[in-house]
Amino acid sequence: MTALLSVKNVEKRFGGFTALGGIDLEIQAGERVGLIGPNGSGKSTLVNCLSGTLRQDGGSVHLAGRRLDGLPAHARTRLGLARSFQLPRPFASLTVAENVRIPLLYTVNARPGGMLDGPGLTARCLELLDLVGLVRVAGKMPTDLTQIEMRKLELARALASEPTLLIADEAMAGLSHGEIDEILALLLRLNRQGITIILIEHIMRAVMQFSDRLVVLVAGRKIADGLPGEVVRNPEVERAYLGE
Amino acid sequence: MRNLPFLVLALLAAAAVFGAAKFVGNSYVFFAGYVVLQYVVLATAWNILGGYVGYVNFGTAAFLALGAYSSVAIHKLFPMPIPALILIGGLVSGVIGLLMGYLTLRLRGAFFSIATLALAVVVQTFIINWSFVGGSRGAYIVRPRTTAFFGIDYIEYLFLIMLALAVIAVFSARCIEHSRLGYGFAAIRDDEAAAEASGVPTLRLKLLATTLSGAFMGMAGAPLPYYVTYLDPASGFSLTYAVNAIAMPLIGGTGSWIGPVIGAVLLGTLQQIATVTISSALNLLIVGLVLVGFVIAAPNGLLGLLRGERR
């Protein structure tokens with residue numbers, strides 16, 4: 001079976017520092033993959049290389065058989081790879097509903113046959129906001145949102161592009177116990193609807209609950225990839241997290 | 001078609017402005033009004049890139065001068081009616097805007113602004129050394145007293161043309177603001193990386209913005225040689241244009257099409273009154289004082305003040 005995402009030998013250097021030293025990764029459609037690693041291990045760099053925010057120095061990235069490397073970020077989003085940001089980055093001058101409208105206008109409507117008109121766009125915006133539980137704040141400005149609402153807006157905006165693969169970069173950072181469960185439930189629901197998800201997270205409880213596969217990066221290298229229960233018992237992973 | 005009522009209203013407002021100027025019956029009203037309308041176009045053009053996309057252009061004078069000097073060059077080669085010169089001026093400045101975009105749009109913030117300032121210096125140096133359009137000596141254009149088409153006074157004709165151009169510029173800005181393009185521009189202004197991640201082709205949109213903005217500035221400059229009758233680099237590349245084009249949208253409010261119009265009408269009129277009552281040398285001082293006042297009291301411009309916003 002062809003993998004949905006195929007990453008081969010992806011490298012990224014910043015001057016003399018190697019942030020990613022040849023990452024290989026294959027993700028099948030429908031998988032829930034947790035990507036973990038200590039700070040500075042290269043998780044966000046990998047996300048940025050996959051999504052096109054950063055240009056990789058070597059290797060290749062394919063999504064559903066289509067080569068992504070070399071394409072700008074917006075083209076990758078249109079092809080079905082969406083991401084949320086580690087720190088919420090809403091469009092501050094636009095309302096919550098308008099924030100979701102942007103990807104609808106530039107991805108769904110940019111695809112062949114996709115032509116949502118005014119009422120269609122509004123209806124789809126509200127549908128997406130309803131999905132993440134933000135419909136009551138649709139007319140508010142992002143600055144008026146709480147932390148969890150900001151996180152949900154990030155996810156709603158990513159979902160608006162109708163992705164096949166969603167990369168959620170620390171979507172639960174800074175949230176309370178209950179709020180983490182809420183986001184977790186949302187991500188699981190999205191996965192059940194057919195969206196493949198890579199979750200980058202430091203909160204181990206959430207990662208273990210969410211993932212059916214765990215990938216560990218340390219110092220720009222993949223040191224483990226497998227079932228979560230096995231990976232966390234891997235001596236190399238223990239050493240990376242707890243030291244010798 | 002949903003913009004049609006606005007276009008009708010804008011045309012009615014323009015007709016009312018022209019009627020009011022006619023009613024006053026003093027040709028100086030047309031002379032001063034031309035400058036105010038020119039600033040409406042310039043401020044609106046600046047706002048397309050600076051207000052909608054968030055890229056501050058310090059090179060307004062270069063784009064305006066390119067339009068003006070295109071007219072001088074065409075006038076010397078094969079004279080054409082002013083509407084044709086406006087189209088040519090817009091084309092020349094639009095192409096330069098596109099090239100500037102290609103060269104500078106990977107720069108952001110202050111670096112982009114400094115690059116636009118450098119463009120103004122490069123264009124000015126080029127014009128100073130191009131003797132065909134007068135070089136540093138400047139160029140004279142003898143304008144007729146009346147026009148062949150309307151039989152009206154030439155200044156009234158220029159006023160009418162600038163009025164039409166102002167309607168076109170403001171109408172275009174409003175259409176952009178409420179379109180898919182406008183949403184894309186706003187996304188870039190708020191967060192470029194997030195805009196890309198949302199599928200917005202940021203580079204293409206920024207190039208479109210620099211082209212449109214430059215084209216309208218060039219169009220505003222095209223009739224200038226016929227208005228001033230003597231154009232030299234010092235006046236064509238005057239700092240006043242660059243400063244006013246930034247100050248007017250900031251004073252009116254940058255987020256909407258109406259902000260630059262309000263700023264241009266208020267500040268432009270104030271400058272024209274100061275010119276006839278005190279001295280034209282006070283123009284920049286007035287801009288500076290008003291701008292400082294607004295930065296302190298109404299950082300989001302008059303529109304922000306009306307909405308009760310504070311940055």
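1. A word on pairing before we start: two strands count as paired if DSSP finds at least two bridges between them. With that in hand, here is a bridge to look up in this predicted model: A:Val7 has A:Leu25, in β2(A), as its bridge partner.

2. Strand β1 of chain A covers residues 5–14 and strand β2 of chain A covers residues 17–27, and the two pair in the antiparallel sense over eight bridges. Together β1(A) and β2(A) make a hairpin, with two residues between them.

3. Next, the contact between the chains. How many residues does each chain give to it? Chain A supplies 21 residues and chain B supplies 20 residues. On the side of chain A, the residues that lose the most area to chain B are A:His74, A:Phe91 and A:Tyr106, which together account for 36% of what that side buries.

4. The size of an interface is often given as the accessible area lost when the parts come together. For chain A and chain B, the buried area is about 1,800 Å², and carbon and sulfur atoms give 59% of that.

5. The rule finds one salt bridge across the interface of chain A and chain B. You can pick out the side chains of A:Arg89 and B:Asp191 meeting in a salt bridge, at 2.8 Å from N to O.

6. Which elements of chain A give two or more residues to the side that touches chain B? They are α2 (73–78) and α3 (96–108) of chain A. The largest share, seven residues, comes from α3(A). Sorted by class, that side of chain A has eleven nonpolar, four polar and six charged residues.

7. One loop residue of chain A also deserves a look. A:Thr95 sits in the loop between β6 (81–84) and α3 of chain A. Is A:Thr95 buried or exposed? A:Thr95 counts as buried because its relative accessibility is 16%, and the cut-off for buried is under 20%. Leaving aside neighbours within four places in sequence, A:Thr95 is in contact with A:Ala138, A:Gly139, A:Lys140 and A:Met141.

8. Last, a stop in chain B. B:Val228 is in helix α10 of that chain, residues 224–228. B:Val228 counts as partly exposed, because its relative accessibility is 32%. Between B:Val228 and B:Leu119 the separation is 109 residues in sequence and 24 Å in space, C-alpha to C-alpha.

Definitions and conventions:
Residues are numbered from 1 along each chain as its sequence is written. Chains are lettered from A and ligands numbered from 1 in the order in which they are written. This is a predicted model: local features need pLDDT of at least 70, side-chain atom pairs count only at pLDDT 80 or more; totals for chains, interfaces and linings use all residues. Side-chain values use heavy atoms; hydrogens and water are left out. Contact means heavy atoms within 4.5 Å. Buried area is the accessible area (1.4 Å probe) that two parts lose on being put together, summed over both. A salt bridge is a side-chain nitrogen of Lys or Arg within 4 Å of a carboxyl oxygen of Asp or Glu. Helices (H or I, at least four residues) and strands (E, at least two) are DSSP runs, numbered from the N terminus. Ala, Val, Leu, Ile, Met, Phe, Trp, Tyr, Cys and Pro count as nonpolar, Asp, Glu, Lys and Arg as charged, and the others, Gly among them, as polar. Buried means under 20% relative accessible area, exposed over 50%, partly exposed in between (1.4 Å probe, protein chains only).
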